Every structure is written in C-alpha cells, then in structure tokens.
Amino acid sequence: MALKRNFQSLDTFSMSSMTDVIFLLLIFFMVTSTIIFPAAIDVNLPQSSEQTSEKPVTEIYIDSDSKYYLVVDRNDSVVEANTAPRELSLDQLTAELSIIHQADSTRAVALYADSVVDYGQVVNVLDMAARNDMHIVLATKAKTVKK
C-alpha cells in the first residue's frame with residue numbers, strides 16, 4: 001500500500017533570518033570599528049576634564065623622543081592626503097603647516113604631545129600655528145573620575 005504525501009512548495013522566500021544576520025553583522029562592525037585607535041604614534045597624553053567637539057583633519061604628534069610627525073586625513077580633498085605619519089623637523093613642519101593654511105584657512109589642527117615632552121616644544125608648535133593663523137586643538141585623555 002503506497003502512501004502519498006502532499007508536498008506543497010512555497011512560492012515565497014522568508015527574508016527574516018537573512019535580516020537578522022545582516023543586523024548582527026552591522027552591530028559587530030559598528031562595535032569593532034570604535035575599538036580601533038586612530039593614532040599611529042604611541043603618545044601618552046596628559047589628562048584633562050574639558051573636551052572639544054571639533055574634528056581636526058590634520059594631526060601633529062610629538063613623541064617621547066621629541067620627534068615631530070604630521071598626519072593629514074585621507075578624506076581631505078584640499079591638500080594631498082598622507083595617512084602615514086611623516087617624521088619632520090621643526091622647520092619642515094612650519095613649511096607644511098604654511099602650505100596647509102594657504103589651502104584651507106579654516107582648518108583645525110590637533111596636537112598630540114606625549115606627557116613627558118618638554119613644555120617648550122609644545123609652546124613652539126602652538127606659536128608656529130598662531131603665526132600661521134591656524135586653529136589648534138591640544139589633545140588630552142579624558143580625566144577619570146574616582147568614586
């Protein structure tokens with residue numbers, strides 16, 4: 001005795017499981033992208049309670065060995081972007097900042113100076129930016145509140 005089963009094929013495809021997978025992937029990439037530290041130079045920043053909302057596209061680093069590095073954001077269309085940190089002397093840095101200021105006078109520059117760097121070197125870079133009429137932001141770590 002042969003039994004026949006009625007199999008009906010569905011004309012529609014359920015996308016709910018695919019939507020769940022895409023949503024989980026989106027959450028995963030959003031979480032992991034915030035973990036990436038943007039600085040290429042290891043700089044131990046001093047702490048501060050004030051933070052700025054300005055997002056500079058040009059960054060100057062002074063590491064613990066008192067070496068100067070310049071990084072220009074890759075999304076920058078005004079000057080030639082160079083995301084790799086370039087080691088420069090103070091005179092070369094002055095020339096580069098002058099070129100950047102001529103291309104965009106409203107540009108903000110972030111200064112990342114290691115906490116062991118001599119205060120005079122930080123003031124030299126701030127003075128150089130002031131002579132070029134540039135807006136400079138001194139980067140610091142957020143101060144942790146102890147309870």
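**Questions on a predicted model**

Modeller: In this protein of 147 residues, 27% of the residues are buried. The model is predicted: local features need pLDDT of at least 70 and side-chain atom pairs count only at pLDDT 80 or more, while totals for chains, interfaces and linings use all residues. Residues are numbered from 1 along each chain as its sequence is written, and side-chain values use heavy atoms, with hydrogens and water left out.

Colleague: What makes up the fold, and in which order do its elements run?

Modeller: There are three helices and seven strands, in the order α-β-β-β-β-α-β-α-β-β from the N terminus. These are DSSP runs numbered from the N terminus, with at least four residues of H or I for a helix and at least two of E for a strand. The protein exposes about 11100 Å², of which carbon and sulfur atoms supply 55%; the area comes from the Shrake-Rupley method with a 1.4 Å probe.

Colleague: Why is Y61 called buried?

Modeller: The relative accessibility of Y61 is 2%. Buried means under 20% relative accessible area, exposed means over 50%, and partly exposed lies in between, with a 1.4 Å probe and protein chains only. Y61 therefore counts as buried.

Colleague: How many aromatic pairs does the structure hold, and what makes F28 and F29 an edge-to-face pair?

Modeller: The structure holds two aromatic pairs. The ring centres of F28 and F29 are 5.3 Å apart and their planes stand at 70°. Rings of Phe, Tyr and Trp (its six-membered ring) pair if their centres lie within 6.5 Å; planes under 30 degrees apart count as stacked, over 60 as edge-to-face and the rest as tilted. The F28 and F29 pair is therefore edge-to-face. F28 is partly exposed at 47% relative accessible area, whereas F29, at 52%, counts as exposed.

Colleague: Why is the pair of Y61 and Y112 called stacked?

Modeller: The planes of Y61 and Y112 are at 15° and their ring centres 4.8 Å apart, so this pair is stacked. Y61 belongs to strand β2 (residues 58-62) and Y112 to strand β5 (residues 108-113), so the pair ties together parts that are 51 residues apart in sequence.

Colleague: How do you know that E96 and R86 form a salt bridge?

Modeller: The closest N and O atoms of E96 and R86 are 3.3 Å apart. A salt bridge needs a side-chain nitrogen of Lys or Arg within 4 Å of a carboxyl oxygen of Asp or Glu, so the pair qualifies. E96 is in helix α2 (residues 90-103) and R86 in strand β4 (residues 82-88), ten residues apart. Both are partly exposed, E96 at 23% and R86 at 27%.

Colleague: How do you know what span to expect for α2?

Modeller: The expected span is 1.5 Å times one less than the number of residues. With 14 residues, α2 reaches 20 Å from its first C-alpha to its last, close to the 20 Å expected.

Colleague: Which residues of α2 are buried, and why are they said to share a side?

Modeller: The buried residues of α2 are L93, L97, I100 and H101. They cover an arc of only 100° around the axis, which puts them on the same side of α2; the arc is that of the directions from the helix axis to the C-beta atoms. D91 and Q102, on the other side of α2, are exposed.

Colleague: What does Q121 touch?

Modeller: Leaving aside residues up to four places away in sequence, Q121 touches I62, S66 and Y68, where contact means heavy atoms within 4.5 Å. Q121 is in helix α3 and is buried at 17%. S66 is partly exposed at 31% and has a positive phi of about 60° although it is not a glycine.
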